[in-house]
Each structure stands twice: as structure tokens, then as C-alpha cells.
Amino acid sequence: MHNSYDVLIVGGGPGGVAAAYLCHKRGLSHLIIESGKGVFQGIANTYPEGKNVYPSKPKENPEPFLVEELRPPDKPVTVEKYIQYVQHFVQHEGLNVMTETEFEDIETGREFLKVHTSRGTFKARRVLLAFGSSIPKELTVYGDAKMVAKGLDDPKKFVGVRTLVIGGGNSAADVIISILKEKRNASDKEPVYWAHVAETFDVNKETAQRLGEEILLGGNIRLLPGATPRIGEVDDEGVDRLVIRVSEEKIEGGIERYHAMSFPMKNVIACIGSQGPTSIFDRIGVQTIACTEGICQVAKEGDRLLLLTAEYETTRKGVYAIGGAISPSYMRISKGAIVEEKHPNLIYTALNDAHHVVNAIAEKLQKKEK
Ligand SMILES: Cc1cc2nc3c(=O)[nH]c(=O)nc-3n(C[C@H](O)[C@H](O)[C@H](O)COP(=O)(O)OP(=O)(O)OC[C@H]3O[C@@H](n4cnc5c(N)ncnc54)[C@H](O)[C@@H]3O)c2cc1C
């Protein structure tokens with residue numbers, strides 16, 4: 001496998017897949033890196049089962065859909081059908097996707113940008129950030145907890161395994177329900193531990209009902225309220241482990257006494273919510289601007305917006321950003337001024353951004369070659 005591309009695309013959602021397709025059509029080599037199991041993982045994770053996908057388009061925007069091939073149909077289809085269509089499309093067009101690969105950082109090389117990922121480093125002439133608006137939060141512990149999964153890819157992996165799920169909300173409960181179901185089908189009695197930093201868990205009625213059903217059907221679940229993940233460490237046998245304190249008390253003389261459990265990290269899933277992409281923008285050193293009073297119409301005071309040229313290039317040369325990652329608004333450098341640009345988080349916007357950015361990149365790269 002060669003590891004140098006004209007365009008490296010981070011994220012295989014509508015923006016990333018459209019960009020890959022357009023690169024392919026224009027003869028630019030490309031690679032999508034996608035942290036999930038397949039393309040459109042972001043959509044698969046966030047849309048409720050059976051939800052219809054609409055070809056929504058902001059009224060005030062005169063442009064039609066510019067990537068018809070990926071446009072949701074006028075007669076809405078379910079999210080499952082739309083994802084299935086896109087998976088076939090990606091295969092049929094021979095687009096280059098590397099799944100289960102997490103973006104880490106970008107380093108500027110002499111001729112290429114070096115993109116560091118969980119599966120090694122790739123070289124690219126241009127990098128397109130299309131990782132959407134919802135980035136799973138990382139566990140913060142002393143040491144390294146990168147091995148901890150942030151979602152459930154395949155519940156079968158946890159059959160026969162004592163599993164720890166961290167997080168107190170619906171997404172943690174949904175993960176537990178899926179694992180319990182799988183364990184029930186395999187007559188596996190190994191428990192699922194459910195840990196949360198707070199003393200109470202907070203799930204909606206419908207999720208609580210489904211969880212209750214699993215418990216009544218024999219699901220073995222052990223609650224760990226008030227438990228705090230503390231340390232990521234490697235044990236004597238080279239196994240990455242997460243140490244979580246499950247109870248603690250202060251005794252005289254500044255001494256604390258606590259009980260802790262240690263799980264192999266591969267058996268831990270942390271569902272602790274998601275955040276916007278600002279922390280990634282900070283990590284890779286692209287400039288954002290904080291909205292001050294009266295400056296922004298869409299963003300709130302204090303929100304930090306990414307600074308982009310009219311061609312979606314960030315302040316880091318050769319690094320572009322599109323789609324949900326720059327929604328609901330960004331700061332656009334236009335005719336010497338900086339203005340807030342409204343950017344609704346829609347499939348339409350992600351597809352059209354991809355069209356504009358790939359045109360701009362292709363022109364630049366082809367000019368360079370002449
Ligand atoms: C419940 C719901 C319903 C919606 N319904 C509609 C609708 O009907 N019509 C419509 O037009 N819009 C709808 N939207 C909005 C639409 O889904 C988004 O605007 C669109 O998905 C944005 O596309 P994107 O490619 O920018 O980002 P995403 O679709 O979020 O794709 C980003 C991809 O990047 C991957 N990724 C993230 N971080 C990393 C990383 N560090 N390394 C590698 N990969 C990474 C993610 O796994 C994901 O697959 C809906 C949104 C929600 C939440």
C-alpha cells in the first residue's frame with residue numbers, strides 16, 4: 001500500500017465521501033480515514049432507527065445540490081436505506097476508505113503534510129477535515145486511555161467477557177442493552193458493570209423500560225455509582241488496563257482509603273458524551289476567533305469560530321475544513337474583512353462544501369504541476 005495522496009480526507013460522512021468521489025472524478029488520489037466501522041458512521045450513530053432522511057436545503061441558498069449522486073432522494077428514505085445506498089456507491093466507485101482509523105495530528109513536512117493517525121502516518125498534499133460536529137469526549141485519566149472504545153461496534157465482542165461501560169446517560173444504557181441482548185442469546189452470565197461519576201443515572205423512560213426488560217430476562221448488570229476512572233496503565237503482562245475507583249473515604253491524617261477495580265481497556269466502553277471540534281482545531285493549531293458582543297448573529301458570545309478563506313482553507317496552509325465541522329457558522333475572510341458566515345448543518349451543505357473545496361484544490365494542484 002502506498003501512503004502518499006493528493007488529498008487525505010478525515011471523516012467518511014456526506015462531506016468526506018462527496019469529496020473523495022469528486023477527487024476520484026478529477027484524477028486526484030485520495031484516502032478517507034474514518035474512525036467508525038464504515039462510511040456514514042456519524043449518521044449511523046446519531047439518527048434514531050428508521051428515521052427518514054430529507055433532502056433539506058436552506059431557503060435563502062440559491063445553489064442546487066451540487067453532488068446529485070449523494071443527495072437524499074425527494075421521496076424520503078429511511079436512514080438504513082440511505083446508508084446502504086452510500087455503501088454500495090463507495091464500493092462501486094472504488095473510493096479509497098480506511099475504517100477504524102482515528103485522526104490524531106498534522107505535521108508540516110517539506111513537500112507534504114504528514115497526517116498522524118491511530119494506524120500510522122500518511123503523507124498528503126492537502127488535508128480536508130470533514131469530521132462533523134460531534135466528537136466523542138476522551139476519558140481524562142492519569143496515563144493513557146486511548147485504547148478505551150467510545151462506542152459499540154460489535155456487541156458480540158463482549159460475549160464471555162466482564163465488561164465495563166462508563167457514562168450515566170441514554171447512550172451508555174443503549175450500549176448496555178445491546179451487550180446484554182447478545183449475552184442473553186449466547187447464554188453468557190458474565191456481568192456488565194455500569195459506572196458513572198455521579199450517584200444517580202439519568203436515562204429517559206423509554207430507555208429505562210428497555211433496560212428493565214433485559215434485566216428481567218436475566219441480564220446481569222452491576223451498578224457502580226460514584227465511580228471515577230483514575231489511571232491508565234500497562235500491567236506486568238503488557239495488558240493496557242483502566243483503574244476505576246468505586247468507593248473512597250477520607251480517614252484521619254489526610255489518608256484516603258478506597259476500593260478500585262482494574263479492567264483490561266479492551267473490555268471498557270466510555271459513553272461520556274460528545275463535544276464540538278474546537279479541541280481538535282486547537283490541537284492542530286488552526287486559528288479560531290471568539291465571538292464578542294454584537295459581532296455574531298448565529299453563534300453566541302464567547303463561542304469560538306474557525307477562521308476560513310472563501311475556499312474553506314484554514315490558517316494552516318493546505319488544511320481545509322467543511323461540513324458539520326464548521327457548522328452552524330464560521331468566520332470567513334472576505335475582501336479583507338472577517339465576517340460570520342451562516343453554515344447550517346445539513347447534508348446539502350456538506351455535499352456542496354465538498355464540491356467547492358475539491359474544485360479549489362484541483363485548480364491549485366493542477367496549476368502547480370504546469
Ligand atoms: C438526528 C439527526 C437527523 C438529521 N436529519 C437530517 C436530514 O434529514 N437531512 C439533512 O440534510 N441533514 C440531517 N441531519 C444533519 C446531517 O446529518 C449532517 O449535517 C451531516 O451528517 C454532516 O455531514 P459531515 O460529513 O460534515 O459530518 P458527519 O456526518 O458527522 O461525518 C463525519 C464522520 O467523521 C468521522 N470522524 C469523526 N471524528 C473522527 C476522527 N477523529 N478520525 C476519523 N474520523 C472521524 C465520524 O465517524 C463520521 O462518520 C441530521 C442530524 C441529526 C443528528
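Reply: Strand β15 (residues 240-251) and strand β16 run antiparallel and are joined by 10 bridges. Strands here are DSSP runs of E with at least two residues, helices are runs of H or I with at least four residues, and both are numbered from the N terminus. Two strands count as paired if DSSP finds at least two bridges between them. Within this pair, lysine 250 has glutamate 256 in β16 as its bridge partner.

The model is a predicted one, in which local features need pLDDT of at least 70 and side-chain atom pairs count only at pLDDT 80 or more, while totals for chains, interfaces and linings use all residues. Residue numbers start from 1 along each chain as its sequence is written.

The pair belongs to an open sheet of four strands, in the order β10-β14-β15-β16 and with mixed pairing. Its edge strands are β10 (142-143) and β16 (255-264), each of which pairs on one side only. Glycine 143 stands opposite glycine 232 in β14. In a regular strand, side chains alternate between the two faces of the sheet.

How is the protein divided into domains? There is domain 1 (4-134 + 276-369) and domain 2 (142-270), with bounds that come from an automatic or database domain assignment. The centres of the two domains, taken over C-alpha atoms, are separated by 33 Å.

Two helices can be described next. Helix α4 (residues 170-185) and helix α5 (residues 205-216) have axes that come within 10 Å and cross at roughly 25 degrees; such axes are lines fitted to C-alpha atoms, for helices over the stretch in contact, and angles run from 0 to 180 degrees between N-to-C directions. That makes α4 roughly parallel to α5, a term used for angles under 35 degrees.

A second open sheet of four strands has the order β19-β20-β22-β23, again with mixed pairing. Its edge strands, each pairing on one side only, are β19 (288-290) and β23 (337-342). From one strand to the next, the twist averages 35 degrees. Strands β20 (residues 304-308) and β22 (residues 329-334) pair in the parallel sense over two bridges, and leucine 308 stands opposite arginine 332 in β22. The loop between β21 (319-321) and β22 holds proline 328, which a cis peptide bond joins to serine 327, with omega about 5 degrees. Most residues other than glycine have a negative phi, and most peptide bonds are trans.

Finally, there is the ligand. It is surrounded by 33 residues, the closest being Gly11, Gly13, Gly42, Gly132 and Gly323; a residue is near a molecule if its C-beta atom, placed from the backbone, lies within 6 Å of it. The elements that give two or more residues to this shell are α1 (14-25), α2 (41-46) and α7 (347-369). Helix α2 gives the most, with four residues.

Terms used:
Parallel < 35°, antiparallel > 145°, perpendicular 65-115°, else oblique.
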